[in-house]
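Please find below a colleague's note on the model, written for someone opening it for the first time. The points go from the overall fold to the sheet, the helices and then the charged pairs.

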Amino acid sequence: MVKNAPYRFSDFESITFKYGLGDSMVNQYYSKTGDFQYVNQDDSLIKTKVKMRKDDLLYLHRKAAELGFWNFPDELKGDVGSAKGRNSPTYYIEFRYKDKSKHVLYDISYDKEPKLAGAAKSLITEISNMISDVRDRDKD
């Protein structure tokens with residue numbers, strides 16, 4: 001069954017991960033080049049390289065499959081009309097493969113399906129932690 005899965009790691013190309021408040025997703029990571037930019041606590045834009053290994057990417061691919069990422073709707077948005085919905089943290093996750101890709105736009109104010117929101121938050125945490133772990137590993 002794993003070999004016939006719709007998204008195989010052997011076809012994997014890249015992960016794109018963006019986040020920020022509302023429509024401003026200035027924090028971005030692209031696994032193919034290792035480009036990572038983020039705004040630090042001093043409101044300065046930092047640009048650096050964070051190059052994940054094949055094992056790191058395989059882990060994230062498997063975690064996405066475990067959490068059901070391939071079955072997520074393309075958008076998980078909260079009530080745009082509310083103040084909470086306009087300026088809430090928003091995340092964009094894309095897994096790109098040879099012949100297809102899957103992306104999800106997730107707004108923290110999304111509150112329709114708690115299990116789905118929990119799975120999206122878990123994947124965001126896994127990707128964020130992996131970026132941090134790789135940065136720390138590369139400093140040594």
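1. From the N terminus on, the elements of the protein chain follow the order β-β-β-β-α-β-α-β-β-α, which comes to three helices and seven strands; helices (H or I, at least four residues) and strands (E, at least two) are DSSP runs, numbered from the N terminus. This is a predicted model, in which local features need pLDDT of at least 70 and side-chain atom pairs count only at pLDDT 80 or more, while totals for chains, interfaces and linings use all residues. Residues are numbered from 1 along each chain as its sequence is written, and side-chain values use heavy atoms, with hydrogens and water left out.

2. Along its principal axes the C-alpha trace spans about 45 × 40 × 20 Å. Buried residues (under 20% relative accessible area, against over 50% for exposed and in between for partly exposed, with a 1.4 Å probe and protein chains only) make up 43% of the 140 residues. Of the contacts (heavy atoms within 4.5 Å) between residues at least 6 apart in sequence, 59% join residues at least 24 apart.

3. The strands form an open sheet of seven, in the order β4-β3-β2-β1-β6-β7-β5 and with mixed pairing, where two strands pair if DSSP finds at least two bridges between them. The edge strands are β4 (45-49) and β5, each of which pairs on one side only.

4. How do β6 and β7 pair, and over how many bridges? They pair in the antiparallel sense, over seven bridges, and a hairpin of three residues joins β6 to β7. Within this pairing, F95 stands opposite K102 in β7, and R96 has S101 of β7 as its bridge partner.

5. The 14 residues of α1 should span 20 Å, and its end C-alpha atoms are 20 Å apart, which agrees; the expected span is 1.5 Å times one less than the number of residues. In α1, D56, L57, L58, L60, H61, K63 and A64 are buried, and what covers the buried residues of this helix includes β1, β6 and α3. After α1 comes G68, whose phi is positive, near 80°.

6. The structure holds eight salt bridges, a salt bridge being a side-chain nitrogen of Lys or Arg within 4 Å of a carboxyl oxygen of Asp or Glu. One of them joins the side chains of D11 and K98 (3.8 Å, N to O). This pair links distant parts of the chain, with D11 in the segment before β1 (12-21) and K98 in the loop between β6 (89-97) and β7 (101-107), 87 residues apart. D11 is buried at a relative accessible area of 15%, while K98 counts as exposed at 53%.

7. Another salt bridge brings together the side chains of D56 and R137 (2.8 Å, N to O). D56 lies in helix α1 (residues 54-67) and R137 in helix α3 (residues 114-139), so the pair ties together parts that are 81 residues apart in sequence. D56 is buried, with a relative accessible area of 8%, and R137 is partly exposed, at 25%.

8. The side chains of K102 and D74 also meet in a salt bridge (3.3 Å, N to O). K102 lies in strand β7 and D74 in the loop between α1 and β5 (75-76), so the pair ties together parts that are 28 residues apart in sequence. K102 counts as buried, at 7% relative accessibility, and D74 as partly exposed, at 40%.
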